[in-house]
Amino acid sequence: MLAWTIYLSFAGALLQALLPRSRPNVARWLALAVAVAGLVTGIAGFAAGMGQGLTILVDVPWIPSLGIHFLLAADGISRVLVLLTGIAAVAGVLFSWNIEVRTNQFFAFYLALIGGVYGVFLSFDVFLLFVFYEIAIVPKYFLIAIWGSTRREYGAMKLALYSFVGSAMVLIGILAAYTTSGSHSTSLIALAHAGLPVSFQMWCFPLVFTGFAILAGMWPFHTWAPTGHVAAPTAASMILAGVIMKLGAYGCLRVGMALFPHGLDPWGFTVLGLASWRDVFALLAIIGILYGALVALAQSDFKFVIGYSSVSHMGFVLLGLMTLNQIGMDGAVLQMYSHGVIAGLLFAIVGRIVYDRTHTRQLADLEKMHLAKRLPFAAWAFVIAGMASMGLPGFSGFVAELQVLIGAWMARPWWTIAAALGIPVAIAYTWRALQKAFFSDRQPSVQELEAEHGHRLAAITWPEVAGFALLGAATLVVGLYPRILLSSIEPAVRSLLKGGV
Amino acid sequence: MNYTDLFRATLPETVLEIAALLVLVVDLGFLRKAALETRVAVAALLGAAGCVVGLWAVAFAGAGGLSFGGEVLLAGGGSAGVAQCGILVLTALALLLLIGSDFTSHAGEFAAVALMAAAGGMIIAAAQDLLVIFVGLELLSLSLYILTAFAKKSGKSAEASMKYYLFGGMSAAFLLFGFSYLYGISGSTWLPRVVCGVNNAAAHGGAPLLAVALVMIAAGLGFKVAAVPFHFWAPDTYEGAPAPAAAFIASVSKVASFALLISISSVALHFMESFHVSGDGTAAFSAQPPQITSGFGAGWPLIVAVLAVASMVFGNLAALVQSSVRRLVAYSAIAHAGYILLGLAFFSWTNRSAEAVLYYVLTYGLTTIGAFGVVGVVERVTGSDKMDAFLGLNKRNPLLAGVMLVLFLSLAGIPPLVGFWAKFNLFAAVLEAAGGVVPFALVALAVAFSAVSLYYYLQVLKRVYVMPGVDESPLRVPPFALIVLLVIAAAVVLLGCFPALLQGWIASFY
């Protein structure tokens, strides 16, 4: 059933492309219908998959001569991420309700992107996974370059090239693994059991892991993320931060770590205190957490604050993966979901609710606007989203980051200490942004007050409320009752760990 | 050999020549007073029909080939069969794109010369003898010089043709010089015997002479496939030639030349067997263990690998700075030639590599014809092939923009389009054929440079989709050309989604 998420999205994209461009409303409702259908399918698949392990959805020989199958399957991790994609997709459509230019093309690219993302999460054939992974690159470029803002062509090209370089590294690794294994199959399970030599895994693992981690925003390959997020239109930055970065993390886990588990083994010697690739990537993850948070603290553009906070939060995901224990990796997967929802919410508030009305994202300008009074909905929405982002109990981020930190303590205590330093900084930058953008007590001058009365900010529309409600509920429900996702994630992580990771 | 055999084996070429004559007779005899539009359409359709009949003739001629005194002159089946069918289909498409163009008033002659070039291409795709190869190459090359110069009113076209001719003549001289050394070393012009003789001579102190011969031959053939450093003609020719001629050069001529390189590489690997299976001729591709590396020794793969690396590095980097779409396609063609040469440098004992190279070059030819079709249409309206001529194409003609999107992304190797699969298949074949660090490093380089290539393809697509247009009036495309382009784009998508279709078809020839 879950396979229909992919087909529906691509069919929707095709329909949108064929739609006459003079009917933006039809395009909107169609996009919403397709996204909701995907979400409903995702929820149904999630519910049906509760308590089940890996289930094969579709298995058809695709390219017999190379043993490539059109193999879709789902385990607990895939189901959670499909669910996340469904939520983010619906919210993205709701927050792009005000797109007036080339609406049908926007949603065509958007749905093609969503279809590719669903495909990645459900592919269990590495070739197929790569195909979907690449399908997701091109729509991103056009979404940003056509409908974006601030330096959009630069941001779009940078994003496309970073993604493509990352996927080139992945492709090299996949080709090498396929020819080295000689297994005449590209199924993830067959390749994982092919008994690839340890020396091969040792160099192939970092290649593939880094290739995917570029898209997960791993420091120092994260620089596409802030510029890309800022340049992107609201829905695209929601999907970019919410789902695309998870593609990278998911690839790290599903391909990098599951196919080359021995790549994480100790080297047998120590360089600068690092004794394995695991140490290297954990260090990079921690640097990402701290660096992203500190840079976010110094930004003057509201959206850049959120952009760098994404780099910081994704660091937790990568750190969780490197703990290689049950609780840490559970936390990593849960953090993928959690950050996907929260980042989507933050970008929606900044990009759609605030920027589309004020036409500025500079914190210095926003300070003068009294947004707490003029846009109370935005202010309170940001308070809630900010609390979730800081990792307050009751929201999904708390459970996720706590688990990652516990897992890290079990692996190497100093990882936890270093990473935990990021949390007060996260509170600081969220607080700073909140205060400057909404609750500044700076007195307005006479001219400013006149300007304020001269044009009122447009009222909040129903799609914004609906989108906010959806994302808020998604983080709150999981925060209050994390078992709902963890009961799916845990068995899947356990079987991955048993498989050698 | 008797005349029946000769006639049967060369039936496809004969059909093309007859079609060429027929086109001339109809155009110059019956349609002298007709409007140019009609004459172009009739010539193109007749030519395409000739290609279709040629396809039937290829099937009819079968896998027998043509032997003389136990030596196979023209191979049948295998890579020759695939390449011949490919040449015919691509020629037909290039001719169909001629419809609606007005660069020449000699429509019949254009179609006729194109058909003759195709016949030359079919000969070299099948040739197994140095002299036959040379005859075929000259027939192809001379026809291409003429096609390039066909836009008589355009100075660029004449200049391009002149450059092409001078470089071509020079490289033909090199090739012939190399062939003469080979003949001197081995005492034969038949490829398997040449390789065998060369192999013996190399073991007895003839290696320096062989090296000279191989370098000369690489220069000659490197020119045909536009490999660096023999590529100088390509950008000028692609830019100056009339669009259908450029499409023809970029596709048909490439397919034929790579088919020739495949047969040379195969013979070099399989020369020992050829003498055991002289019955039906072609080297039988048995699954023997690869105890022999190459009949030419290590020199030939080394030369090809050097050309491959130079081409993909230089082609991709030079394409980055182009402002003319035609020149961009030309440099990207050089880069693609580099990828393909990589497949030829690490050639496998089984037909794996041959099939992968054929797959690549056929689908590449198809995509490039489409790309030149779009460029030709845009050029006819805007009068320029600069990137800025494509500004706002999405608004001016969404269908044409869609075709362009599909074709250029396929060239960049984005799935699910056919270009991605072709690359994956080719690189997998390279790694399967040869283990070790060097082939792996070269494949990694190739993959890295295809990431570079995305940049310049996106530069064009950016103008089509993203940047605002200067002139936003609708751009009229002749309906027939649009249909052909849509069919090509659909084929690129379809073959990419179901790669096994074409792969199975190619495998059926072996």
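This is a predicted model: local features need pLDDT of at least 70, side-chain atom pairs count only at pLDDT 80 or more; totals for chains, interfaces and linings use all residues.
**View 1. The side of chain B that touches chain A.** The contact between the two chains takes 24 residues from chain B and 25 residues from chain A. On the side of chain B, the elements that give two or more residues are α17, α18 (437-466) and α20 (499-507). Of these, α18(B) supplies the largest share, 13 residues. By class, this side of chain B has 20 nonpolar, two polar and two charged residues. Two helix pairs from this contact region follow in the next views.

**View 2. Helix α7 of chain A against helix α17 of chain B.** Two packed helices are described by the angle between their axes and the distance between the axes. An angle under 35 degrees would count as roughly parallel, and one of 65 to 115 degrees as roughly perpendicular. The crossing in which α7(A) passes α17(B) is right-handed. From α7(A), the contact is made by Leu175(A), Ala176(A), Tyr178(A) and Thr179(A). From α17(B), the residues are Phe427(B), Ala428(B), Leu431(B) and Glu432(B). Sorted by class, the contact has six nonpolar, one polar and one charged residues.

**View 3. Helix α6 of chain A against helix α18 of chain B.** Helix α6(A), residues 137-147, packs with α18(B) at an angle of about 50 degrees, and the two axes are 10 Å apart. The helices α6(A) and α18(B) are therefore oblique to each other. Here α6(A) passes α18(B) in a right-handed crossing. The residues of α6(A) in the contact are Tyr141(A), Phe142(A), Ala145(A) and Ile146(A). They meet Leu458(B), Lys462(B), Tyr465(B) and Val466(B) in α18(B). This contact has seven nonpolar, no polar and one charged residues.

**View 4. Domain 1 and domain 2 of chain B.** The domain assignment of chain B gives domain 1 as 1-162 + 231-267 and domain 2 as 309-510. The C-alpha centres of these domains lie 22 Å apart. Each domain brings 34 residues to the contact between them. On the side of domain 1 that touches domain 2, α4 (78-96), α10 (233-240) and α11 (243-274) of chain B each supply at least two residues. The largest share of that side, 14 residues, comes from α11(B). By class, the side has 21 nonpolar, eleven polar and two charged residues.

**View 5. The loop between α9 and α10 of chain B.** Most residues other than glycine have a negative phi, and most peptide bonds are trans. The loop that holds Ala226(B) lies between α9 and α10 of chain B. Phi of Ala226(B) is near 60 degrees, a positive value in a residue other than glycine. With 29 other C-beta atoms within 10 Å, Ala226(B) is buried, because 20 or more such atoms are enough for that class. Pro229(B) is also found in the loop between α9 (207-225) and α10 of chain B. The peptide bond that joins Val228(B) and Pro229(B) is cis, with omega about 5 degrees.

**View 6. Two loops of chain A.** Pro220(A) has its place in the loop between α9 (198-215) and α10 (224-231) of chain A. The peptide bond from Trp219(A) to Pro220(A) is cis, and omega is near 0 degrees. Another loop of chain A, between α13 (302-323) and α14 (326-358), contains Leu324(A). Phi of Leu324(A) is near 60 degrees, which is positive although the residue is not glycine. Leu324(A) is partly exposed, with 18 other C-beta atoms within 10 Å.

**View 7. Ser276 in strand β4 of chain A.** Ser276(A) lies in strand β4 (residues 274-276) of chain A. With 17 C-beta neighbours inside 10 Å, Ser276(A) counts as partly exposed. Neighbours within four places in sequence left aside, Ser276(A) is in contact with Leu264(A), Asp265(A), Pro266(A) and Trp267(A). Ala17(A) stands 259 residues from Ser276(A) along the chain, and the C-alpha atoms of the two are separated by 48 Å.

Terms used:
Residues are numbered from 1 along each chain as its sequence is written. Chains are lettered from A and ligands numbered from 1 in the order in which they are written. A crossing is left-handed if the near helix is turned anticlockwise from the far one by less than a right angle, and right-handed if clockwise. Helices (H or I, at least four residues) and strands (E, at least two) are DSSP runs, numbered from the N terminus. Two residues are in contact if their C-beta atoms, placed from the backbone, lie within 7 Å. Ala, Val, Leu, Ile, Met, Phe, Trp, Tyr, Cys and Pro count as nonpolar, Asp, Glu, Lys and Arg as charged, and the others, Gly among them, as polar. Domain bounds come from an automatic or database domain assignment. A residue is buried if 20 or more other C-beta atoms lie within 10 Å of its own, exposed if 12 or fewer, and partly exposed in between; C-beta atoms are placed from the backbone. Axes are lines fitted to C-alpha atoms, for helices over the stretch in contact, and angles run from 0 to 180 degrees between N-to-C directions. Angles under 35 degrees count as roughly parallel, over 145 as roughly antiparallel, 65 to 115 as roughly perpendicular and the rest as oblique.
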